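Please have the structure open while reading.

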Amino acid sequence: MTTRTDRTAAVRLAWAATKLTRAGRHPIAIGRLAATVGLDPGEAHRLMDLMGFVIRDGLVLMDRGPRPGSADRPASDRYRVDLFLLAIATGEPVHADSVCPATGARVRVHFTRDRVLSVDPPHAVVAASRLPGIDLTLGPDYVEALVCTQFFASKEAAAGWLLENIDGRVLSVPDYLAHTRRMVAALEAWPTI
């Protein structure tokens, strides 16, 4: 069992690790990561374990695979690194090619950290899950912590997913990118990052 404070700190630390490792391409020493964010190395290690990062020989490695299931949650890939976060963390353009789980239609999205370059079909949406217990509130501003779960061909196609994921959100691709940018601003406004 972890506290809400732990979960929020872990997400903020994971964001710093994602940026510093360039999304896992350049492992970083846990001591350097801890120093960068102003934490004790032991605490940084504990929080990275909480987020599912692999630490081997003192180096933080990105765990991009699905997490194993638990008693209350089946195995899922919902915790993979969000592609929109990757674009913002690395500054590199991202091309997502997916299949709508409701219609079988191909969904192709191309974007940078600053803007959406193309969306096909034009009404494709992002299904995003709320990260429970993560508080990105900074003063009067509130930013919900969401992670992209999958793409759907349209809002109508995502209706069934939304009924099954009561805490989920369905946003247009440009709206989700804008939300992700607000979420990153909240993460980076935290005093130790």
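In which sense do strand S7 (residues 125-130) and S9 pair, and over how many bridges? They pair in the antiparallel sense, over 4 bridges.

## Basis

This is a predicted model: local features need pLDDT of at least 70, side-chain atom pairs count only at pLDDT 80 or more, and totals for chains, interfaces and linings use all residues. Residues are numbered from 1 along each chain as its sequence is written, and side-chain values use heavy atoms, without hydrogens and water.

Helices (H or I, at least four residues) and strands (E, at least two) are DSSP runs, numbered from the N terminus.

## The sheet

S8, S7 and S9 form an open antiparallel sheet, in the order S8-S7-S9. Pairing requires at least two DSSP bridges between two strands. The edge strands, S8 (146-152) and S9 (169-172), each pair on one side only. Neighbouring strands are turned by 35 degrees against each other on average, direction ignored.

Alanine 128 stands opposite arginine 169 in S9. Helix H6 packs on the sheet and touches S7, S8 and S9. Contact means heavy atoms within 4.5 Å. The direction of H6 makes about 110 degrees with that of S9. Axes are lines fitted to C-alpha atoms, for helices over the stretch in contact; angles run from 0 to 180 degrees between N-to-C directions.

## Helix H1

H1 (residues 4-20) is largely enclosed by the rest of the structure, because 12 of its 17 residues are buried. Buried means under 20% relative accessible area (1.4 Å probe, protein chains only). Among them are Asp6, Arg12 and Trp15. The cover includes H2 (30-37), H3 (41-50) and H6 (173-189).

Just after H1, arginine 22 takes a positive phi of about 50 degrees.

Definitions and conventions:
Buried < 20%, exposed > 50% of the residue type's maximum accessible area, 1.4 Å probe, protein only.
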